[in-house]
Amino acid sequence: MEPSRGLSAPPGRALGAPIAGLALLAAGVVALPQLTRDSYYLDVATTILMNLALTMSLRLQVSTGQLNMAHISFMGIGAYASALLVTRVGISFWAALPIAAVVAALLAFPIGGLALRVTGPYYFLITFAFSEVVRLFFNNFFVDLFGGPSGLVGIPKPSALPWFGRALTFTTKLELYTLMAALLLVTAAVLVRLEHSRFGLVASAIRQGDLLAETLGVNVFRYKLTAYVVGSLVAGVAGAFFAHSHQVLHSSDFGLEPMVLLVVFTVIGGTGSVWGPVAGTVLMTIAGELLRELHHYESLVFGVVLILTMLWAPDGLVALPGKLARRRRVGVSLAP
Amino acid sequence: MPLELRSVGRRFGGLQAVADLSMTVAPSTIHGLIGPNGAGKSTVFNLITGVIPLTSGAVFFKGERISGLRPAEICRLGIARTFQATTLFREYTVLQNVLVAAHLLSAPGLGSALLWSSRYRERERRARERGLALLQTLHLAGLADQVAGTLPHRDQKALALAMVLATGAELVILDEPMAGLAAQEKAETTSVLQRLREQGLTVLLVEHDMKAVMGVCDTVTVLDHGLRIAEGTPREIQANPAVIEAYLGVEEPGA
Amino acid sequence: MRIRASIAAVVIAPLAAVVGTVVMGGAQDKTLSIGVLGPLSGGAASYGVELVRGAEMKADEINKAGGLKVGADTYRIKLVSYDHKALAADAATAANKLVFQDKVKYIIGNAVGATCNAVQTVTEPEKVLFSFVCWGTNNLGPDKPHSFRVMLSQWEVAEPFYRWVKEKHPQIKRVAAISPNDTSGKDTNTAVVKALKALGFEVAADEYYERGTKDFYPILTKILAAKPDMLDVAAAPAGEGGLILKQARELGFKGAKGWTAGTNPFTIIGVAGKDAAEGVWSPANINVRSDFVSATVRRFGAEYEKRYNEVPGVIAVANYAAFDVITKAMQEARSLDTDKVLAALTQKPFETVWGRLVIGGKETYGIDRQFLYPVVISEVRDGKVVDIAQVLPTALKK
Amino acid sequence: MSIDLLVQALLNGFGLAMVYVLVALGLTLIFSILEIINFAHGEFYMLGGYVTYYVFAVFGVNYFATLGFAILAVGLAGVVAERLIFRYLRGKTLNAFIVSLGLLWVMQASAQLSFGVLDKPVPSAFSGIVRAFGLVISVERLVVSLSAIVLIAALYLFLRWSRPGRAMRAVAQDADAAALQGVDIELVSALGFGIGCALAGGAGGLLAPVFAVSPAMGALPVVKAFIIIIIGGMGSLPGAVVGGLLLGSVEGLGSLFMGSAAVNVLGFLVVILVLLVRPRGLFGGA
């Protein structure tokens, strides 16, 4: 599946913008709990941060020209791995988190390696097939281990950490928010850094012309696989957090519907820039929560919002300010 | 011998696009590949660079068999090419295009990119400098920050050439480098090609402009219907009755 | 707090704006907000929609009668319902919104097993009273004292049902059970198989299908090859159960038919067709048009049909009854404190549309949190649902 | 395990395969012409089902007349959707993905709000079963399968011999070249989308009496259609037919030996396997 031509902020260039963007993100993340301690706001904000990790890493893969419909499966792999490591093996959350992420990344090698042999709509559909296999696996196989259709319950919250003689706990909404905020800021720093490195430069070149890149000596497969594995690693981290903050897991959490939402967030925000998914995830999640008030009409209105946004801002929300500014500039230049 | 084709063939279904083609390209020469439309010239390029697999024969570069390798591996061995329909990374600036092409020479690892080490920054800086220097030689330095998709045709052609050179290739394969250029621009391209030969590079090109081909090439190979019908110096080729026949039989040579 | 909230409004302006209107709107009257959750869109929407409608019917009844008198205060009831799309993660977010934003202390209604677990991670620590119709065994337990199931589940129904089958139809020896492959399906088949074995039946098949399946020929070919005397479409929803019966008949099945965890008898007759549905026994669903049910139920059914243009299934009736019972318990307790209401709930029987209802289930779940009421076994005769027997759960016999 | 049972299982799998092939062909036709994957395709199938419910079950019009009407009505709805929305999305696969998703939600929610949530039964137009050689097949399914085959044949003839059909194939092969040769891309695009939707609507009409109708009924055939077109190869009519038969036999036979959940895994594994051996499906171009 070919991503739309984004109006990319040229990567590999000026460091000012990415650092300012990261600083803005960090400031917003730090400011929110100063403004409200409302549990619902914090819960929604935590979900947004977790989804940001997922959409930003999905965007990394999209930037190499692949829409990976199995992204959510690696979140699931991370989630189940971490939950089982803590409840069955008995290790602490803090050990389970990195192991779960590595497990997700290791499984990304064979799955990504196989899926990336096909391209275009076939890639889209083969990754969808993989995601269904993973979901059905969690739902129907090793039911004693994964909980099967009843789901996996009783997952403990992250254990306390010693911190200069005190214990840092992670049980309240605020503490969980703080944990996810920390995880996200590290993730975002890595992804933004990557985007603005030569890796990001070559990765986005592949989306613009994979044959050209290949004949210029770019090992396109390796770049795509690297993006796949790095993305899956991030998804694994998000999954581990999800398991221990929600405390219950069900295979449908990693099915088509939540995956489709991730794609919606990413594309509505704009795939041309690393900040696209940020705009899309934040705005669309808030829109979704507002629409909850509409009960039966929620999905109807959400659908209309999607259609109109995509027709009005085909390059995503982040490309919109530039587009409006250009339109204004054209207006000015036409004046005598 | 940098490049050698041994009995190379390619079938598309029932169509034999290239048949039993053998040819060699000598080092530090400019070698032209000509023939009427549909003669299989672009197919030959695609076979050499691994874009499509060949159905028979083999290709060797510096004594090493390269047929069967993937395009990126072939490029890594020192062969780079342009495409007939000029392809660029259209969303990128001119300099970014060159930097992507130069990644083979100076691509830093994932780890050092993340750590943002001083060595990484130093390499990035050097890569930019080299890129700018290359653009200078092709009179593109002033356009370094222009978005490639917005460039005029002539500059796009020049940029495609710059990208091929940026890979550090020893053999550059150019698919119609003069197409659509004005006389003055063709002359400039010709002098660039000659300069490349002086620097020791080997050039293999397909071109429809006969005057340009005859003017710049050391050796010319003529293809018709996937078969090699002649090879020699421009002078020999121009006098070859088979060549004249092939061209007259199909269309007026040159443009 | 107000200042903080207004600063927050700047950041998340639209979010805060809506919440503001909700809070303001309720300011004049004493309002009791009660939450309802459920899938209101997608394939499982019929469950959620019936939950909301059942609650709506009772809430309107109470409001029309002047409100709910609890102690010295009278409350208007305000329903807050959210769609969780049958997704566990979304259910948790919706529950958070109900509990922390809408300040709801009662959530009456939820369906789809996996979402119940997710909601409980929010409601239990906050002592929010949560009632649902999910069938998962692990949704009830001593560690979840604020959670109730307001509909008979397979654990209450399967044994008395098959005891009745054994007594009245001794020629039935081999039974095949088929359910969807999810929490309710797994639990229902498990309960059915347990009852069958305890009563000396042979289990001809214990099969599952993916929810949403429409073509049952493949799975039925396998089941019918095992030559069952009776086919139990155990936890299949009405639409899928109807298709199973229809296709079983096409494949030549002529044995007895059961629907242990039946929901909406009219839909199953409609989908299966009169012939294929003929003779289906169901111990769990309710026939609001039957002469056997009380006048209240028939009136409920008639009003529901008038209002929504659809016949209510057992879930709508169950949530209507749950709303009735829990609001009565509030009046009993003369308080809205959930712990006091809990105590009132478990003290004595209630008279409901189901008939006499008690809250029990300790033997099965380790805690008395299951609504128990008479099991009415019905049979489809000539396209009509006819109640043919009533079986009392042991707890009600006392 | 008797041979009868095996053959019956195979017959079960083939029974409705052609109807899913019809859905798949609509999807792949739209893809070849507009280069978009229409996720709301199942909702056009649903629309066909509801049209059949109201015209046939409620108003009692002749079944085949109803079917024709459903095909026309849904095709028209498709043309409207293309003119209003999808023509702006040609070639923008990712944007079209999001928009068609939005349309899916809009159509499903609208159906639920206007038609109700409960399954609506559509009476069988043809009852009875045929028994032969110890095998069973219902007359209803037989008629449905044959009708689907007739529609597939009609589509084939249309694409092969009619002027608009040839224009569609030209656009599918190379839109720019077709435009240069004077093909009206706008017309072909609208027509292609309409016919694609009409096929889904026809399938919905065919299966309405077999499965009853409900607002969410579109999810299942679309997933099956996806599997069919990946196995067969995008844009290939014979590929879709073979893909449908392959999927049907895998599901039919698989159900004898394993639970239905495992059978679903099997279907997706076949997809993965096929793509690894032939990256563009069995009948996809090189």
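A nonpolar core is a set of buried Ala, Val, Leu, Ile, Met, Phe, Trp, Tyr and Cys residues joined through side-chain atoms within 4.5 Å. In this predicted model, the largest such core holds 407 residues.

**Nonpolar cores**
- Within the largest core, the residues that touch the most other members are Leu249(A), Leu159(B), Tyr162(C), Leu345(C), Phe44(D), Phe86(D) and Phe97(D).
- Beyond its neighbours within four places in sequence, Leu159(B) is in contact with Leu88(B), Val94(B), Asn97(B), Val98(B), Leu140(B), Ala148(B) and Leu151(B).
- A second, separate core has 24 residues, including Leu5(B) and Leu223(B).

**Helix H11 of chain A**
- Helix H11(A) covers residues 256–269, and its end C-alpha atoms lie 20 Å apart, which agrees with the 20 Å that its 14 residues should span at 1.5 Å a residue.
- Of these 14 residues, 11 are buried, so H11(A) is mostly covered.
- Among the buried residues are Pro258(A), Met259(A), Phe265(A) and Gly269(A).
- The buried residues of H11(A) pack against helices H2, H3, H12 and H13 of chain A, together with helix H5 of chain D.
- Just after H11(A), Gly270(A) takes a positive phi of about 115°.

**Helices H12 and H13 of chain A**
- The axes of H12(A) and H13(A) come within 9 Å and cross at roughly 150°.
- Angles over 145 degrees count as roughly antiparallel, and H12(A) and H13(A) are therefore roughly antiparallel to each other.
- Their crossing is right-handed.
- Met284(A), Gly288(A) and Leu291(A) of H12(A) meet Glu298(A), Val301(A), Phe302(A), Val305(A) and Leu306(A) of H13(A).

Key: Residues are numbered from 1 along each chain as its sequence is written. Chains are lettered from A and ligands numbered from 1 in the order in which they are written. This is a predicted model: local features need pLDDT of at least 70, side-chain atom pairs count only at pLDDT 80 or more; totals for chains, interfaces and linings use all residues. Side-chain values use heavy atoms; hydrogens and water are left out. Helices (H or I, at least four residues) and strands (E, at least two) are DSSP runs, numbered from the N terminus. The expected span of a helix is 1.5 Å times one less than its number of residues. Buried means under 20% relative accessible area, exposed over 50%, partly exposed in between (1.4 Å probe, protein chains only). Contact means heavy atoms within 4.5 Å. Axes are lines fitted to C-alpha atoms, for helices over the stretch in contact, and angles run from 0 to 180 degrees between N-to-C directions. Angles under 35 degrees count as roughly parallel, over 145 as roughly antiparallel, 65 to 115 as roughly perpendicular and the rest as oblique. A crossing is left-handed if the near helix is turned anticlockwise from the far one by less than a right angle, and right-handed if clockwise.
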